[in-house]
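Hi,

Here's the structure I promised to pass on. Have a look first, then read my notes below.

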Amino acid sequence: MRRSILPGTEGSGSVCSRGDRSAIEVTAELPAPTERTEVLASWQRASDAGAAADRHAPFHLDAAEIDIRRDSNPLGDSAERLQRVFADTTDDSELMMGVFDSDGVLLWRGGTQRWLEVADTLELIEGSRWDEASTATTAVSLVMTDHRSTRVVGTEHYNHALHSLYCAAAPIHDPRTGALTGIVGLSGPASAVQPSSTAFATSMAALGEHEIAAAHARSLAELRRSAGPSLTGIRGPALLVDRDGWVADSRGCTAPTAVAAPVEGTPQFVPGIGSCVAQPVGVGWLLRRVGPANPIVAELDLRGEPSLTVDGDGDEWRTVLTRRHAQILLLLAEASDAGLTSARLSRLIFGDAGHVVTVRAEMSRLRRAVGALITSRPYRLAPGVTLHVAADHLAGDAPDLIGPAAPDAAPAPLDRPLVGKHRRPVSPVHMRP
């Protein structure tokens, strides 16, 4: 039976077969630094899932799937830039850098030949999966759980095969949406762990985010160059947007940053412009007005599954919303023209300002769903938009229907049934003049 030092302790426990919980049970009785509670929690999850500490066998993807993931990842060619910076700035002969996607799949790696050979023996190769289900407790799996930089050293790894390593990792968020899009991971021998390894990983992740933003700016500039002339000669306001709805150019209007991703042949409302149709141009879309711009009236229906219906000059469309998105719309309606910052929304939804990244990601998804009904800096309903709320009378005050969490409470599940599921005809509550 193999024995391992438990994370954050000087005690030992045994993990010899799948489903053996002895290590977890012993660990729970020993003191551990509070800053490593995430490691202990990961050990518990691994044990509950039946992981065997003496079995290291990460799942591997085939070459075709690796190529698909590389091509679809926002980092794209920027990963090569990270590899070059890593190679040019480190003189550590026993250090490897890997770039993983949000699922923990290693897509790119770099390092000295000697250390890459060591990594090969540990199956730390391109296409290997390093999420908690595949490799239990690692820095990469912790970042996937907590979305913050961390380091795991030696016996803090659940698997015995990784006890000779240290690994530091940091999240890469898409600056356009706030979503986790990748992870930078550094690995080396545990005996030579570098105190600055976490800071180094964080710096590389920040560079990755900068590269994503720069690549997006270049793509919009190229779209303006190649398809911008299509705006010439159009009477009335129009927008040139990329495939995801990000605005590259405009004519005759104050352009929003982004609108909902266009669909050919499907009209969509753009506040300040009106009902628009999408025409493909190059790698983007030309949105031109086909109806008057105002007024635009939106009704948020909370009498069951949240939905939003938008009406402008006789044309209307309807979309189903998540509970969280309905909550955000209510909060923005209450804020009126003053709007709400990401930090303020975090406090209102989660009870503290520590969820700004999550809020930005949710706002990006909401804006993709409702187009330019919402503007940013700060977030608010767009000029000319009137929002009505239809709510079951059992819900009471509409903004309290899905109110903010207590400061120390976890956010309410997004799929929890709404209060008052029975539909009753009610008069809309006018939320904005």
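Why is strand 8 (residues 238–242) largely enclosed by the rest of the structure? Five of its five residues are buried, so the strand is largely enclosed. Buried means under 20% relative accessible area, exposed over 50%, and partly exposed in between (1.4 Å probe, protein chains only). Helices (H or I, at least four residues) and strands (E, at least two) are DSSP runs, numbered from the N terminus.

Before you go on: this is a predicted model, where local features need pLDDT of at least 70 and side-chain atom pairs count only at pLDDT 80 or more, while totals for chains, interfaces and linings use all residues. Residues are numbered from 1 along each chain as its sequence is written, and side-chain values use heavy atoms, leaving out hydrogens and water.

Back to strand 8: Ala238, Leu240 and Asp242 are buried on one side, and Leu239 and Val241 on the other. Strand 8 pairs antiparallel with strand 12 (residues 284–289) over five bridges; pairing takes at least two DSSP bridges between two strands. Ala238 sits opposite Arg288 there. Strand 9 (residues 247–251) also runs antiparallel to strand 8, with four bridges, and Leu240 has Asp249 as its partner.

Now the salt bridges (a side-chain nitrogen of Lys or Arg within 4 Å of a carboxyl oxygen of Asp or Glu). The structure holds 14. One of them joins Glu132 and Arg45 at 2.7 Å, N to O. That pair links helix 6 (residues 132–135) to helix 2 (residues 37–48), 87 residues apart. Arg45 is partly exposed, at 34% relative accessibility.

Cheers
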